[in-house]
Amino acid sequence: MSLEQKVGQIIQGDLASTTPEDMYKYHLGSVFNGGNSAPGGKQWAPAPEWLADADRFYDASMRPNGNLPRIPMTWGSDAVHGHNNVTGATLFPHNIGLGAMRNPELMRKIGAVTAVEMRVTGLDWTFAPTLAVVRDDRWGRTYESYSENPEVVASYARPLVEGLQGKVGTKEWLKGAHIVATAKHFVGDGGTDGGKDQGDNISSETDLRDIQAAGYRPAIEAGVQSVMASYNSWHGEKMHGNKSLLTDVLRGRLSFGGFTVGDWNGHGQVAGCKTTSCPAAFNAGLDLFMAPDSWKDLWINTLAQVKDGTISTARLDEAVSRILRVKLRAGLFEAGRPSARPLAGDFAKIGAAEHRAIARQAVRESLVLLKNENAVLPLKSGQKVLVSGDGANSYMKQSGGWTLSWQGTGLPDSEFPGATTIGKALLDAGGQNAVLSKDGEYREKPDVAVVIFGEDPYAEFQGDVPDLLFRDKSDNLELLRKYKAAGIKTVAIFLSGRPLWVNHHLNASDAFIAAWLPGSEGGGVADVVFGKSDFKGTLPFSWPKYATQFVLNFGDKDYDPLFAYGYGLSYAKPGKVGRVNEVSGLAAGAELPVGTWFERGKTAQSLDFYRLDANNLEKLHNGIGTNGDVVRSFAVDRNRQEDSRRFLWTGTGEATVALAANAPLDLSRETNGAVSIEIDYRVDAIGEGPVKIAGYGAGLKPAGAGMDVSSRLQAEKGKGWQTMSIALSCFAKAGLEMSKAQIPLSIRTSAKLDLSISRIALGTSATGTVSCP
């Protein structure tokens, strides 16, 4: 192999930033698709397009190149609850729901189904399982953990790895219907201080070993071939550069014999590194850089670092050998094109009935019955059943993040062929006596009202929360209370990626089910609700009595949950709950959704609207005539009373409206994660002249000249409410230090402008995207 070819083996790019020609020219040994990447530059794509792309990349890797040996590429994908990037695939419950089952053998079947569906599309490597043991439920990846109990995580590691890869020593290991698995994220991701994604784990080495790393030994003993380094630090040292853990512990004490892979540009967070240059991570024991959009410059710099001795030839050969060994074990050198391999192109297996049956069983066994007063459940034949709630007919809410897109949002129903919403399943089970009401209203009084609701989808740091209060965006609590007041029995089906404080909703419900994020098979919920199966699930995480109990793990000192770890009622074993305390433990005004800066007429606690004049901020109060006559601010209505703010520039001088923070915001993680600022707005009048959007750093230091959006606003005048999406990277490119954003958003103009805003929030939708200058 040439030096260039060896360097290519240790670097992988994202599908959105890498072409087959790149793979050939730079000798790249692998490609991967991030949460928002799919063939053809799409956000999601059907199975045949994935297989065709797999062939294109494989062909590029095997095209003759002088006398160099040709090395087949491998394709990695986050198949974390089924082959969840592919339209129509079977979607299993997320890990938190699987943890409620306490069924290791069913995990083996889930792994096997996931491997088969990946093989159909030509992919041969999954970035799963996640073996995090979450100890602070504020973490945005809590639903990726099976349990707060390391024993549950350890019990699942072996059977899932064997389901994905096959058993070591058999002819089918890593071949046929099996793929390469990845144990992640090594190590300590579930134990960061404050539950902060990509944060610092300050636990003792004993706790790191016995709690956080509990799943790795059984995974390695099962032959897992890849381990992904974690974003987090341990006592301040980033895992991507931690030699003592990546090499001494993982290779030494744990005897891991596969290769280590980084997380999305995670090497760039190592001290002294950039995403395009990080010999420190490689020398610490990282074998394969995950460099989604930085791969080309990283390849150039790494090659130079090998040539100048910063990276030794011996270390390079070691990493390449590890990668090649896995490819040899997986039979890639003799397997041929992805489309010629076993199961490839058998598209009937994507979402096949036998696969969905396994997922439906997992849903049934994952449900935890928290409350069932007076045996309201199971629903009886002949009862009039009303189904409502914002989760009743939502594939997205019941599937959560990592579903066709990174955040699991912005997906049309057409991308879920073969799936069944919980609401539809309940209607089918209830027959002519069941009706679905989108607005919660009814013509004929029902006997029972089933309200399905919960968290909106999220992934990674976008799911980090400051507390465990459930912020009910769609007034489902009011629905439950209305039905109770009318003498209707109420059943709550709660969709969430973690236990949350829902005491108001519990008191308004006769029965309450923690359904977690069940995935595509809503029929599993109907099976249990209508009594075809009993409840089997028990809590994998302790349920909080107060919204401030985010660190709540069985065995802790002063352990005082509302529902303890392992709790779960059933038809066979009922119990009485009664009324629960409705004191959340939080200060008033803490209910705004996380990641939302302005909504329902309120700004997030650390933010407010100001007029920026020179280096001074003057708070903009509601009411015409305040703050002089250059710009005015007052409350207006969109969906409810005074839920929006109207800003009126008179055109008599230049003025800047700023959404400013009390202390600079750290938006660096969000910027790296391709997050945008989304603004819902309405333009009622606009004059001539530029309207610019910009950010300001600490000390109110402006970043760049701003983005001119005047032509866009001119085109939208009088057309009602619109959405604008501006990538945070635009502000970074303009020079804003994203770790110190004092004013994350400002609007400046000297033109006449009548602009109303109803919402400002962080998100990832492509709606109304503004191009960076």
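## Terms and model

Helices (H or I, at least four residues) and strands (E, at least two) are DSSP runs, numbered from the N terminus. The model is predicted, and local features need pLDDT of at least 70, side-chain atom pairs count only at pLDDT 80 or more, and totals for chains, interfaces and linings use all residues. Residues are numbered from 1 along each chain as its sequence is written, and side-chain values use heavy atoms, with hydrogens and water left out.

Thr192 is found in the loop between strand E5 (182-186) and strand E6 (200-201). Thr192 counts as buried because its relative accessibility is 5%; buried means under 20% relative accessible area, exposed over 50%, and partly exposed in between (1.4 Å probe, protein chains only).

A polar atom of the Thr192 side chain lies 2.8 Å from the backbone oxygen of Lys196. Leaving aside residues up to four places away in sequence, Thr192 touches Gly199, Asp200, Asn201 and Asn232, where contact means heavy atoms within 4.5 Å.

## Helix H9

Helix H9 covers residues 243-253, and its buried residues are Leu245, Leu246, Val249, Leu250 and Arg251. Just after H9, Ser255 has a positive phi of about 55°.

## Aromatic pairs

Rings of Phe, Tyr and Trp (its six-membered ring) pair if their centres lie within 6.5 Å; planes under 30 degrees apart count as stacked, over 60 as edge-to-face and the rest as tilted. By this rule there are 27 aromatic pairs. One of them joins Phe32 and Phe127 edge-to-face, at 6.3 Å centre to centre with 65° between the planes. Phe32 lies in strand E2 (residues 30-33) and Phe127 in the loop between strand E4 (125-126) and helix H6 (150-165), so this pair ties together parts 95 residues apart in sequence. Both Phe32 and Phe127 are buried.

Phe282 and Phe289 form a stacked pair, 6.0 Å centre to centre and 25° between the planes. Phe282 and Phe289 are buried as well. Elsewhere, ring pairs link Phe453, Phe470, Phe494, Phe512, Trp516 and Trp543 into a cluster.

## Charges over rings

A charge sits over a ring if NZ of Lys or CZ of Arg is within 6 Å of the ring centre and within 35 degrees of the ring normal. The charged end of Arg63 sits over the Tyr24 ring, 4.0 Å from its centre. For Arg138, the charged end sits over the ring of Phe550, 3.5 Å from its centre.

## Asp613

Asp613 belongs to strand E20 (residues 607-613). Asp613 counts as partly exposed because its relative accessibility is 46%. From C-alpha to C-alpha, Asp613 and Gly566 are 57 Å apart in space, and they are 47 residues apart in sequence.

Note on methods. Polar contact = N/O pair within 3.5 Å; in protein donor to acceptor, adjacent residues only side chain to side chain.
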